[in-house]
Every structure is written in C-alpha cells, then in structure tokens.
Amino acid sequence: MDIATLSTLFASTYSPDPNVQKAGELEIRKISDQEGLLPALMQIIATESIDAGVRQACTVFFKNRIQKYYVDPARARPDRPVVAMSDRAAIKANILRLLVIAPGRNTYVHVAASLRAIVANDFPEQWPGLIDEILQLLHSSEPREVTAGCIGLLEVVKSFRYRQGQTVLPDVITKTFPTLVEIAHKLLSEPMAPLTPQSPEVPFLLHIILKTYKSTLVLNLSQHQQSPQSIVPWGRLLFAVVNLQIPPELVPQDEEERGRSEWWKAKKWAYGTLDRLFHRFGNPSQLPSTLKKDYIAFAEHFVSSFAPEIIKTYLHQVELYISGQVWLSRKCQYLIFQFFTECVKPKSTWQLLKPHFQSLVSSFVFPQLSFSPNKQELWATDPVEYIRTSIDEYEDYNSPVSSATSFLVALASSRLKTTFLPILNFINSVLDGNPTPVQKFGAINMTSALAPFIMRHPTVRPAMEQFLVRHVLPDLTSPEPFLRAMACEVTSTLEKFDLQWTSPENLLVHYRGILRALDDPELPVRVHAALALNEMVKQHTEVAATTSPLVGKVIQDLLALADETDLDLLNTAMETMVDYFREELTPVAPQLTARLCESYLRLLREANAQIVDESEMSVKVDLDVTDQDDDKTFAAMGVAKTIGTIVSSLDSSPEILAQMQQTIIPIIRYTLETKAIDLFDNVYDLVDSLTFNLRSIAPEMWTIFDLTYTLFKSDAVDFLDEMLPSLDNFLSFGKDMFIARPDYVAKILDIYVTTMTNDQLGENDRCNGCKLIEALMLNLRGHVDDTIPTIIDTSLKILDPPAETRSLRLANLEVLINTILYNPVAALHTINARSQSLLKLFFDKWFDAVKSDKGFPRVHDKKLSILAMCGLLDLEPSQVPPSLQQGWPFLVTGILTSFKTLPDAVAARRELAEALQEGDEEDKFQFENEKLDLAQHDEDDQDVWDEDSQYIEYLAQEGARLRATQEKPQPEDAGEESDSDSDESIDEEIGYLSPLESVDPYLTFKHALTSFQMKNPSAYQASTTSLSPDFHVLLMEVMSKAEQIEAGTTQ
C-alpha cells in the first residue's frame, strides 16, 4: 500500500473542510480491512519526516484496529474480520522497534496498548521469542532501546497479571527481573551514557520498572520473588527510591504538577509496592488461609525482617515532612497512612508503631483533617465541588484525608484500650486551648470520624450532649462559614448513632440552630444543615412534631438544594421528609411530584447530553469517552426514589395518585425512549408502584408496556428482572386490554420464549420468564388457549435435559403444572402428543417434588399443585391418557401430602413477613448489643482478627471454591441435581400477590373429590382404600376444615 497516499488520506481527516474530512473518513473505513494496511501504518508512524498529527492519527487508528480485530480466528465473531496472518507476522517483527523510535508519550502509549493486545492473544505459543527480544533491548547500551524493553515487559506483565494458575508470568519474572532490578540500581548510581542522574529519562525508567514489579503482585508472588536473591535487591531499590532526596530544580514548583512528575511517580510506585508486599503477602496474622500454603514462610520472614525497616523509613519520612524538610505528594501521604493502618492489627508491627501513634495523630492526622488552604480555595471558587469532595472524601483513594481517617478509625477500632482515650484527650486539648478556626475544624472533624466508637463507649457517650452544647452549638453562629458547616455535619453524624438528649431545651436549641442554618448564605452550610435536620427528624419525635408545620418550606429548601448541587444525599433527605410527614404533604403531593419530575428530566437530559458518539470519532483521536455523568445519573436515581416514596405514601388516596400518574408517566417514557439503562430499575419501580397502588392500568400506561416489549427485544433483553413486577401488574390489572388485544398476549408469549431460548440470558432470567408466563395463564384463564401448545413445547425442552439450578427446575415444572390448571384436558393431550415418555417424566417429577421436603417450599407452590391435581380429579376417565390411568388414584395421596405441609408453609410465610416488619427494631437491638461489646476491648498485646479480617477470609475461601468448581471436570450426569444444588434456598416472595390467593384449596379439594367419586368411582375407591391410617386421618381433617369454611365457622 502506497505510504504517501495513505498519509494524505489520514491528513484529510484533520481538514478544516468538513466535506473533505468526511470523505477521508469514509475512504479509511473502506480500506480498513485490507491486508497490508496495518504494517503500512507502522511505517508512517516510524517516519520522522511525516507530519506529527498524521502519525498520531495513524497510531490511534492502529491501536483501535489491533484491540478490536487482533483475535484468535477460531474465537472471532462471524461478522467481524480479523487481522490477516501475514500482517500479524509483520507487526510482531516490528512493534518493539516501533517502541524504540516512538517520538513521544502520545505515540508510545498507543503502541504499548497495541502490544498488550497482541501479547494477550499470541504469547507464548504464537510468539515464543518475545522475551528474548525484550531481554536483548534491556541489555542494550542505548537508553531508548532499554526504555522500549522496559515498556514491552510492562505490557507483558499487564497481560497476565489477573490470570490464576498459569506459569507464563512466573517464568517471565524469573528470566527478566534480575536484569530489571540491576538496571534500576544503575540508574540511581551510574546511569548509562549519555544519561546523567539529572536526565528526565532516569525517573521515567524508574517509574516503569517499579510499576512493572508492582503489577506482578496483583494475585501472586512468584517463587523467584520470594527468594532472598530477588527480594533483597528489590527491597534495597524500593527503600532507596523512598529515601531519595529530589533536588527542587528537577521537579515543577506547582504542587499538583510536582505530584504528577516522573520522580514522584517513581516514589509513588515504591511506596505502593512496599504497601502491597505487606498487605497481600507479608502479614502473617492477616493472611487468608487459602494463601498460607504458598506464602506463610515468606510472610513470617517479611514481617520480622522487612516490616520494621519499612516502619522506620516511613516514620523518618513523616518526621522530615512535618518539620518541613521534605515535601510529600498527596498520593505518597495516602500510601504511608495506608501502610500504618495495616500495621495496627498485627501484634509485631503494632508494638513498633505504638510508641509513635500519639505524635502521628497530633502531627500527621490532625493537619489532614483540619481546614486546609486547598479546601478554602475550593469553597470560594466552587462550593458545589467542595460539598461533593467533603461528603465523598473518605472514598477518594488518592486523598490523604481518606487514609488519615482510616488510620484514625483503625486505631480506635483495633487498639481501643490504648488509643481511644488519648485521642479524645488530644481533641479536648485542642478545643480547650483557644484553637484557631482551622484547628477547631480539625478537632470537630476528628470527633465526627470517631462517632461510631464515641457513641458506643459507655463513659464517653453520655458526655456528648455537653460536648455539643459547649463546642458545637456556638459554631452554628460562628463568623467562619466552614465552622458552621462542620457544626451541622458533626450534629448529623452523632444523631445518626442515636444521640440521647437529657435536656429537651438543649435539643430544641440545637434544632433551632440547624433550622436557621437552612437559610445560611453559604451553600455548604445549607446542605449540611439539611442533612442534619434529616437525622434529627428520624431520631426525635419532638423534632418531627415541631417540624410538621414547617415541612412545606423544608421540602422546598431541599428541592432547591438538590437542583443546585445534584447530590443524591439530598434526595434521600427528601424521602425521609415525605415518609415522616405523609399526611402534611398529601395536599401538595401533585405539585411536589411535578417539581421532582422537572428536576428528574433536567438531570437526565444533562446526563444524556454528555454521551459522545464514539463511532464518528474513531479515526480522528483516541478520546477518553465517558459514559453519562455519574453524579447526574445518581442524582436522577435519588429523585426517582423520592417520587416512588411519595407514590407509596398515597396508596390510600387513589384520586390524588391518579392525578400524579399523569405527571410521572412522561418521565418514565422519556427514560425508556432515550435508553437510559442505568435508570431502568428506578422507573420500573415507579411503574410497579403506580399500577399496583391504583389497581388499574391507565390508557397512557400502555405506551410503557409497548416500550418495554420493544426494549426487551433490543437493548434491554437482560432487564426482565426489573420489568417483571410491572408486567405482572399489567396482566393482573389490565386483563380486559389483553383480552381485546391478542397482539399484547403474543408479546408476553414472545418475551417468555425469548427468555427461555436466548443464549445471552442466564437461569435467573429464565426463572423470571416462567413467572411471567405463569401470570399470563393465571390471570387470563379461558382467554389464551392458543398459547398453551407453545408454552408446553418451550417448557418441555428444559424439562429434559433438566436445568442446572433447582430454582429453574421448579419454575419450569410449575409452568407445566399451570398448563394443567389452565386446561387439564388440552394440556395432557398436547404433552402426550409430543411424547408419552415426556408426559410420564413430567408426572414423575411432579410427584417427586410433592413427596420431597424441599420440592414445593412456598405457599404458592403447594396451592398450585393442589389446585392443578384437583383439576385432574375432575376429568372423565376417557380424558385421562392410558399411560397415566394406572397412577391416577395416587392423585389424592399427592394432594393430601401437600395439605400436610401447607399449614407450616403458611405459618413460615407469616413469620417471615412479621420479621421483615420488625427489622428496624432488631437493628436497634443489635446496635445496643454492639455498644456493650465494643466497650470491652482488651487485646492490646495480641494480633487482631476482626470482622474485616473475617470478611477477607470469607472472600478468599469463596474465591478458591469458585475456582475449584470451574476447574473441576463436569461429571457425565451433570444435568442431574447435585448435592450442593439441593441446598439452594428458594424463599417466600413476600411482595408477590398470587392470583391463587383468593382460591381456597380446602373447598376446591372437597368439590373435586366429590366430582372424582361421581365420575371415576373405581379410581376413587382405589385411591381412598390405599391410604395409610395417617392419611385417612388427614383426609378427614381436610374435609372437616372445608365444611367449616363453607359454614363460615373457621378463621
């Protein structure tokens, strides 16, 4: 392919003339699959005389093609071409050399990404010489070749770092890492000519080398890396980089830019590697049992030999930082705190850290939690971003505030006896020592962080009311707005942990202060006041009563704040207000809902506006394309939940709810039409609530049904779980429409068939499909006869061979049972016509389930089985297939077996419903118990094994179990029910309202047995005489209960 022509073609994509640009893009698409194109692009990229923009465009296009189409031809999609074999050979022969001559970072990052895609597909089988080629580069005396070798090795490591149980990466490590660590040591002492210690290539290479090492630590530590021959030189390198004093002239003056410089990236990877070695492999007291076989010896050596040196080194760096002798980037501070946090639980490292914890808290933690100049600047320039940062700061994995807080919490949680009261004494000393506003902010912030422990401590908890009166209440009127915000924040936090006020006057004064703060001129203060008021309303009935007359204004304030900040937390606060003040808000519910719908549409439109059409940009630049703005999407979710809370609160006001429905349906329709998938769960909750509470389907709501079907057949095939409750309501409350519209019945049937046959979907989706078609048959009995053959044919395919999970086997079996209940004669005839053996298999499985303790576990299962069998009893003998006539008398035994366990199932369902209603009280009881347990910590000289440790152990064991399951060969009878599968829990669905609820099984059985006696006396005689004495007694009890129900004398 002509290089000059190709260069001109790519240059046209940057033309200012849109017509030329478009023509160029179309021509590139035409030739994109041609053999020889990718090697030609590599030539353009390597040619220095060609325009840099053209080379960059070629680089991005090359990367995109490699990542999409460089796949194993055997695994390729039939509609997608693959890179030709001749091109593959040419690419592999030249790509490392392309890294050597890459003009800069903008080029090499794309070439490196391409290399990784190739390695993932071809190495080692199709590219056995790759490591030798990389080693040749690493041993070169040319810096650019060494750099290319380091980058190439990093991409090899990235390709295999997440793969369990493979030997490729350990072999690569053994062959290359001795050379790699030697290069790094030389860079720090005598860099290869023409490099000097001040050359920018030196920190870049260190950064790449250390990143490569850490990338190998994701899952495993190879035997080579555990050996002294490896860990010692690498350890020396890591300590050398951490201790490195970087001359100021080598890094930018601006702190943000300095933190992103190559020198500080190298330091970041050094800190991160030491942290990872200790956290994952070097901490014997916290090592999960699944890792002990491979790493316990290394861990014991590391914790005794390396961990003390890390602690000493980190403490020294902190001391230099506190004294102003060195600067530390935010990420490095984060990693230091993270390591110190890991050192709290093991006894050996805690003994080394223990003498320093008070100075670390006062000099290193406290400044992080104080009001810094950066926070002040953010408050002044972007208060909305300040609010987001302050609320989510503990979840920012780059923020030293986050890790400083984690360290503080770890001290209080794991070493409470030693650390807790000294930390509180420090906080009090700050507050009692005439602090500056910045310092007071830090002390109150520390109190807020420790609230879970303060509010569970038997001697500290009672003092918190006076703490608020003395130190927090005055700040609600402080001239410093950040102190007013912090006063609201700490009040909110303490209230969340059930703060008890002994003085109603103190509570009222604080409440009034929070209420005034809702009108504060500063946005962050108003937001924190709203969150505090939310907690106070939940915790104190007197606050709720006082707020009741003001709730209209409060809601308006919350709406204004939510619109201004798009914070999901404010929507949660609105939900609380709606839930607590239902009666007060009922008259204004339509207006409130209209305002919320406006907010929802604004948020969703703004989120949708940020979706980039990546396909149109694919040949121009490698954009960092983002999905919808997460903040706006989450905020929209919160608004939808608030609307849902209002809908639920109006279940006894159908007139108002019907009026609101006309406002809500447009936002549901817009969400579905714009395919805002992240919000489908929320809008289908709204559809479910509206249709269920109104017990009817509005004409406008049927457009939602049509949209739902269209989406299921296109973009949302895997959203049936979210759609199912709404579809069930359409069937339950829109029967007349389905009777009048056969095409709607066909849509439900098509959803079922698609769910049961689509390879994209799993067994949980198929269970939902079974529930949907069951709803169709139960709600439209006598009106969907034409669907029964298709339903039976679809279900029989899953009956044999059987489904893998017990849940689907039961759901599918009940589909067939429902066809019997719908029309026993037609169903038996259809199944028998398909296969007599399948008919026998179906009845065998049905009776096996009846006899099994776990076969029909729920009330609905048992009632369905009883009613379907009663339908069979009502048949004429001539309607019973000959193959089943011999077993027909056992129907009575099957029905009685279900009746035997039905009362227990009803009682269990009632208990479960009551338990769910009492959940809040149980949570409070658990909180009280936890408070007593937490005050009894007395383990200062032992390793700590807490809930977090247990959770990590659980995850490790579960991961090992899943891997073992995947690696275990399938037995020949894999289709049969396994032991582990038999333990699968199938729970009652408390929120499910079955159409069978209104049918009394006792009366149905009484009438069916009478009919059975009249129509088939011989079978009746055989069935009753064959009953055991226990079943005779049970039969009398069931008939007696039926007579009582008829007489109206039973409850």
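Biologist: Why is Lys-713 called partly exposed?

Modeller: The relative accessible area of Lys-713 is 40%. Buried means under 20%, exposed over 50%, and partly exposed in between, with a 1.4 Å probe and protein chains only, so Lys-713 counts as partly exposed. This is a predicted model, in which local features need pLDDT of at least 70 and side-chain atom pairs count only at pLDDT 80 or more, while totals for chains, interfaces and linings use all residues. Residues are numbered from 1 along each chain as its sequence is written, and side-chain values use heavy atoms, with hydrogens and water left out.

Biologist: What makes Lys-713 and Asp-750 a salt bridge?

Modeller: Their side chains meet at 3.1 Å, N to O. A salt bridge is a side-chain nitrogen of Lys or Arg within 4 Å of a carboxyl oxygen of Asp or Glu, so the pair qualifies. Lys-713 lies in the loop between helix H38 (702-712) and helix H39 (720-733), and Asp-750 in helix H41 (residues 742-757), so the pair ties together parts that are 37 residues apart in sequence. Helices here are DSSP runs (H or I, at least four residues), numbered from the N terminus.

Biologist: Why is Asp-750 called partly exposed?

Modeller: Asp-750 has a relative accessible area of 23%, and the buried class is under 20%, so Asp-750 counts as partly exposed.

Biologist: How do you know that Asp-874 forms a salt bridge with Lys-1015?

Modeller: The closest N and O atoms are 3.4 Å apart, which is within the 4 Å limit. This pair links distant parts of the chain, with Asp-874 in the loop between helix H47 (859-873) and helix H48 (882-885) and Lys-1015 in helix H53, 141 residues apart. Asp-874, at 35% relative accessibility, is partly exposed, and so is Lys-1015, at 31%.

Biologist: Why is Ala-1008 called buried?

Modeller: Ala-1008 has a relative accessible area of 6%, so Ala-1008 falls under the 20% limit. Ala-1008 lies in helix H53 (residues 1001-1015).

Biologist: Which residues does Ala-1008 touch?

Modeller: Not counting residues up to four places away in sequence, Ala-1008 touches Cys-870 and Leu-873. Contact means heavy atoms within 4.5 Å. Phe-1005 is also in contact with Cys-870 and Leu-873, among others.

Biologist: What makes a set of residues a nonpolar core?

Modeller: A nonpolar core is a set of buried Ala, Val, Leu, Ile, Met, Phe, Trp, Tyr and Cys residues joined through side-chain atoms within 4.5 Å. The largest one here has 342 residues, and those with the most contacts inside it are Phe-842, Trp-846 and Phe-1005.

Key:
Helix = DSSP H or I, 4+ residues; strand = E, 2+ residues; numbered from the N terminus.
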